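Dear colleague,

I am handing over the structure below, and I would be glad if you could look at it alongside the notes on its disulfides that follow.

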Amino acid sequence: MFTLRLLALCFISWLGVNAKLEERFSWKQLTFDWPNAEAEAEAKQSGHYIAENNLPLGVERWENKIFVTVPRWKAGVAATLNYIDLSTTEKSPKLRPYPSWEANKLPIDVQPQEQKTPSGGRLDAEKAQDVGVQLQNNATIISTFRISVDVCDRLWVLDTGLADILGNPKQITPSSILVFDLKTDQLLRRFAIPADQSKEDTFFANIIVDVDREQCEDAYAYVPDLGAYGVIVYSLRDDKSYRVKHNYFHFDPLQGDFNVAGVNFQWTDGVFGMAIGPLNPDHTKDVYFHALASTKEFKVSNRVLQNESHVNGGDSYYDFKLIGDRGMNGQSTAESYDKETGVLFYTQVNKDAIACWNVKRPYTTDTQGLIESDSHTLVFPNDLKVDNTGNLWVLSDRMPTYLYKELDHNEVNYRIMTGKTADLIKGTPCEL
């Protein structure tokens with residue numbers, strides 16, 4: 001009996017070492033803060049709002065706002081870019097469109113389609129029809145997956161321009177980068193990625209921003225192309241972009257098999273997760289990146305990416321470095337660097353987990369730490385971000401079930417979890 005009590009005490013003590021992520025918000029289905037009841041009823045009646053088709057994917061935090069993206073996988077997505085006021089006490093708050101309802105309204109009518117294949121997924125989607133709409137409002141966002149807030153209080157949005165991906169896909173506008181001033185909610189820049197920088201299988205779904213507070217106008221955005229294995233580099237100062245290619249942007253053919261919540265599927269997604277590392281003594285920064293269908297991590301200097309003639313001149317191959325491997329089932333959708341702890345946090349979708357690595361250590365399976373693994377709350381951790389106050393935010397959304405089967409809307413499907421980075425790494429190899 002004494003032995004059992006001792007074991008119990010040891011177990012409780014062990015639990016206290018690793019702080020767990022706290023569930024901040026959760027939803028069975030997403031709801032929206034409509035202007036009025038009539039507007040919601042009309043959207044439901046017309047098919048412009050079909051609750052079960054709204055799946056959250058990207059997350060970002062700025063001051064009292066948590067931004068949540070809802071890509072237009074299917075028709076009936078109410079608004080693609082939204083936020084939650086952090087002062088709310090609601091567990092399942094309604095999403096508020098950003099910057100407005102008008103900016104989230106599609107310029108053409110997209111009617112619900114019967115699901116064409118039970119397998120679903122981006123790879124099985126039909127080729128999009130290019131409808132080439134001239135926007136009346138440049139702040140209009142067609143469909144976004146990932147977003148990024150920079151140190152200059154700006155929100156960077158990668159708009160795919162693509163609606164109804166799994167139904168009757170339409171390329172409404174070119175894929176574009178939108179930059180908003182978060183203090184005024186005004187659009188500062190809209191940049192359409194040139195057609196010659198896209199390929200037949202191009203799919204832009206992420207954006208990260210490289211900028212210092214002292215040089216806000218000299219910002220760069222990096223946009224990975226997970227479908228055609230490249231990275232778009234965009235200069236805010238020059239209002240110009242170019243495409244970079246490298247072998248390390250490709251997927252690993254041995255790591256394309258996924259098993260999530262009883263769903264088995266195969267993806268060929270290339271470079272997707274990216275993060276900006278700390279400032280080095282020579283004033284450069286390492287840009288970390290990895291393919292989704294891979295377990296390997298790479299890096300390249302931002303100085304290399306920002307030098308168009310060099311990076312595309314044929315002499316830059318060895319500037320890109322393999323830094324290590326996450327090990328079996330280590331596929332990851334997203335990563336984010338925390339400057340306070342010097343730790344890179346990342347998702348582990350095959351393990352229902354969040355993990356970490358301290359950039360001052362070698363990148364091996366022994367030096368990587370497990371923050372949390374939970375087959376209930378962390379089923380497909382799709383996105384994560386570290387904010388500027390040392391908090392980690394994680395969004396899990398059961399996306400494979402949404403794509404390939406059917407979600408049970410009688411249970412919680414979507415969650416936003418959070419925790420202090422310094423507490424989360426305690427007792428792990430990420431703590432120095």
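Cys-216 counts as partly exposed, because its relative accessibility is 22% and partly exposed covers the range between buried, under 20% relative accessible area, and exposed, over 50% (1.4 Å probe, protein chains only). Its partner in a disulfide is Cys-152, with an S to S distance of 2.0 Å, where a disulfide is taken as a pair of cysteine sulfur atoms within 2.5 Å. Cys-152 is buried, at a relative accessible area of 15%. The link between Cys-152 and Cys-216 is left-handed, with -90 degrees about the S-S bond. It connects distant parts of the chain, 64 residues apart, since Cys-152 sits in the loop between strand 7 (144-149) and strand 8 (154-159), and Cys-216 in the loop between strand 13 (208-210) and strand 14 (220-225); helices (H or I, at least four residues) and strands (E, at least two) are DSSP runs, numbered from the N terminus.

Please bear in mind that this is a predicted model, in which local features need pLDDT of at least 70 and side-chain atom pairs count only at pLDDT 80 or more, while totals for chains, interfaces and linings use all residues. Residues are numbered from 1 along each chain as its sequence is written, and side-chain values use heavy atoms, with hydrogens and water left out.

By the distance rule there are 2 disulfides. Cys-356 and Cys-430 form a disulfide with sulfur atoms 2.1 Å apart, and it is right-handed because the torsion about its S-S bond is about 100 degrees. Cys-356 is buried at 0% relative accessible area, and Cys-430 is buried at 1%.

Best regards
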